[in-house]
Amino acid sequence: MNSRSSNATDQTCRVVAPSSREALRLVREKLGPDAVVLSNRVTADGVEVLAALEEFAAVPVPAVAPAMARSAAPAAESDAVLREIHSMRGMIEEQLAGMAWNDKQRRDPVRGHLLRTLLGAGFSARLAKDILQDLPTGQGHAQGMDYAKAELARRMPLLEDEGALLDEGGVYALMGPTGVGKTTTTAKLAARCVMRFGADKLALVTTDSYRIGAYEQLRIYGQILGVSVHAVKDAADLDRVLAGLRDKHMVLIDTVGMSQRDRAVAGQIAMLCGASRPVKRLLLLNASSHGDTLNEVVQAYRHGEKPGGMGGDWDLAGCIFTKVDEATHPGALIDMAIRHQLPVHYISSGQQVPEHLAPADGRALVDSVFQAKSRSALFVPGESGLEDKPAAGDQEAQATSERLRAQCRQLINALTHNAQELAANAAALSKGGIGFEETRALWRRLSAPADADDAQGISRALLSKAVEDSAALCDGHVLAVAGEARGSDAAQGLVGTLLLSDRTGKVFAAPLQGHAGPAHPVHPAGWALQPALGRAVVHLFAQAPEAGLIRQWQLEGRTWAAAGSSAMRFVDPDTGARGTLGKLAAGLDFGTAQPVLYRKKAALMSVAEARISLRPELDEMAPGTQPPLPVLRCVVRRMVDAASGKVLAHSYVLADEAVRVPAQRMAQWPAWRSAAEPYFKLLGQGIGQLDAADAPARRLIAGQACATVFLLQSLQDGWAETARAALAQLAGRAPKAGRPVPAAVLLEGLGKLLVLLDALETEGVEQPLPAHTPAARG
């Protein structure tokens, strides 16, 4: 693409270039260093920039209103900042990774050095961190390497017994991209089969009718081995050939080589999976391929659905590593096998048949990864390439910060007024009542070594804010919802806690994150906050706890509520009568009905209440030996069709008798708890993003950031919609009309926004951020 300028005068010019940098260079050549950029947009021909000398420039664009109003500037110009920031994603991601890296280095230099070694060998950052997660403290580098190698070998799935595979026999298809070595590997495997049970028990089949000489090459191998070779063109032909080879102990199929991005791959898988005889598929993987390429290949070739409506997910039987002798960083192969849990059957390391094919040996393969050295490791991080030493954590942080500031200067020089717009957008978020200012303050701690691990200080700050918000948002109680973090492997076994208003159900704090205990996988830790909050904390559960816990919590003065079901059995504490909640609802007197919408239809809602005790699991205990059953409140909500009067649904809420809340309000609690449930998946993703599994301070920061995103996602205000679009752009995702932006995308965009704001602040760009003011209370 050629750069060009047009519509130029001595005072203004319009240029189109392949990149913003090239466009700005042309502007400077034409107008000099004092030129002012008037607009910037991406077109089909490249980046178009309109500029003018300062004295001829248009009136400056006024600062954007805190609610992100864009009426003061043209739409294309307002969107320009998002496109420009979008181009900075790589830089922001580098800063995010750098913060986590520096923190690890500072706390454990040996772990950081081992991480470099694993990355240099071709392993992904995710697996490398996971391998070193439980590295014993006090290890030297040599001991640490032994630990890492043993852990890699332990996790790598392998063919356990080659003899059992050959003795079982069957039909095997060798698949993979073009040039991966399928035909040569087929011949090598055929030779091993012939040596084990003879040539008359084996047959070779090829589906490659496209490549010149493909059948001829396999036929020559077949002649040398004394094995019959058959060519097939389509599914019917394959069925016919396999039917004629039923007397063969093993059949090896050499398939057509296809790019993993070729749509015909799915058709080839369907043909094999739909054959009249079961076909086990082995995927061949080129050891010299990039890790991302290998991942694409596995995903493309992994699953095939049996045609003809018969269903069944036909997974790969395993994989074969080829061209291992050509690989410079073969760690990507092991990484792929571990990530996808794809058993490694054989290792091919040359062209000789059959010598250069051997069953996979996990420890030997791992050792060979660290023996392979690239003469010019240009594309993986090394000690010299990273320009620092493992122990120089502060120097790393400074160097990364300098690179960030230098790259931000380029943006600021190109779009000065847009930096103000970005800051105004942040101001709108800070006024939105979603905890953005608190999240930003905690985020800054990540780059401050003295504060990064201060879990107690962070916890105090979060609790102080929770106390303030509970006074404004809650009446007599604070509702708490606890759940297990999901969404990433790093979050396994971690739980979080949300605090909700008992008036509106709004989430206002996420002050607790920690590990689940063995007795209570999701521990109601929110009760510990009750003295500080000055209000009773009511934990909301998805289902009623067992009778023993109910009795224990009543003695301890703990309050709770849970959803019930129509089939739940109860005992009337006054009469001893037994029944189910469904039968109980049929005999209750419901209060005045109120018009509501239920599943987008007009309905009437009414509530009723009763005192009950839950029946224990075992009723066979001798009379007089069973302790008294705890008495509970049971609130029943009834939904009736407004037009026909037909009962649409009943819902049930059980609570401790100490919870003195109007039944009408308490009936809403299960819905509020369900609405909070998606937060815990987001929390898992946030913990993984900040590498916070074993860092209590980082877990708290992740929890606060996720709470901000969770609240932003649920708001319907116009400014919130604009904010979600802006964060999606920062995350590299274009929002789709009529579809919500995924929470994970918003979380990624929020992290990048915080990094960018800090960089602009460090650079000295004025940011019109207001002082924190309490949000409007609902």
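Reply: The protein has 28 helices and 25 strands; helices (H or I, at least four residues) and strands (E, at least two) are DSSP runs, numbered from the N terminus. This is a predicted model, in which local features need pLDDT of at least 70 and side-chain atom pairs count only at pLDDT 80 or more, while totals for chains, interfaces and linings use all residues. Residues are numbered from 1 along each chain as its sequence is written, and side-chain values use heavy atoms, with hydrogens and water left out.

Some totals set the background. Of the 778 residues in the protein, 49% are buried. Buried means under 20% relative accessible area, exposed means over 50%, and partly exposed is in between, with a 1.4 Å probe and protein chains only. The protein exposes about 36000 Å², and carbon and sulfur atoms supply 52% of that area; accessible areas come from the Shrake-Rupley method with a 1.4 Å probe, and for residues only the protein chains shown count as cover. Among contacts with a separation of 6 or more, 67% are between residues 24 or more positions apart, where contact means heavy atoms within 4.5 Å.

Five of its five residues are buried, so β6 is largely enclosed by the rest of the structure. In a regular strand the side chains alternate between the two faces of the sheet. In β6, Leu202, Leu204 and Thr206 point one way and Ala203 and Val205 the other way, and all are buried. Strand β8 (residues 250-254) runs parallel to β6 and is joined to it by five bridges; two strands pair if DSSP finds at least two bridges between them. In that pairing, methionine 250 of β8 stands opposite leucine 202. Strand β7 (residues 228-231) also pairs with β6 in the parallel sense, over four bridges. There, alanine 231 of β7 stands opposite threonine 206.

Next come the side-chain links elsewhere in the chain. A salt bridge is a side-chain nitrogen of Lys or Arg within 4 Å of a carboxyl oxygen of Asp or Glu, and the count comes to 25 salt bridges. One of them joins arginine 196 to aspartate 167, with the closest N and O atoms 3.1 Å apart. This pair links distant parts of the chain, 29 residues apart: arginine 196 is in helix α8 (residues 182-197) and aspartate 167 in helix α7 (residues 162-168). Arginine 196 counts as partly exposed at 44% relative accessibility, and aspartate 167 is partly exposed at 47%.

Aspartate 475 takes part in a salt bridge with arginine 503, where the closest N and O atoms are 3.1 Å apart. Aspartate 475 lies in the loop between α19 (455-473) and β15 (477-484), and arginine 503 in the loop between β16 (494-501) and β17 (507-515), so the pair ties together parts 28 residues apart in sequence. Aspartate 475 is partly exposed at 37%, and arginine 503 is partly exposed at 29%. Aspartate 475 also forms a salt bridge with arginine 665, at 2.8 Å between the closest N and O atoms. Arginine 665 sits in helix α23 (residues 663-666), so this pair ties together parts 190 residues apart in sequence. The relative accessible area of arginine 665 is 25%, which makes it partly exposed. Elsewhere, salt bridges that share partners join Asp130, Glu151, Arg154 and Arg155 into one network.

Aromatic rings give another set of links. Rings of Phe, Tyr and Trp (its six-membered ring) pair if their centres lie within 6.5 Å; planes under 30 degrees apart count as stacked, over 60 as edge-to-face and the rest as tilted. The count comes to five aromatic pairs. The rings of tyrosine 679 and phenylalanine 680 have centres 5.3 Å apart and planes at 80°, so the pair is edge-to-face. Tyrosine 679 is buried at 0% relative accessibility, and phenylalanine 680 is buried at 0%. Tyrosine 679 and phenylalanine 710 also make an edge-to-face pair, with centres 6.0 Å apart and planes at 80°. Tyrosine 679 lies in helix α25 (residues 678-689) and phenylalanine 710 in helix α26, so the pair ties together parts 31 residues apart in sequence. Trp527, Phe541 and Trp553 form one aromatic cluster.

Helix α26 (residues 696-714) has 16 of its 19 residues buried. From first C-alpha to last, α26 reaches 27 Å, close to the expected 27 Å; the expected span is 1.5 Å times one less than the number of residues.
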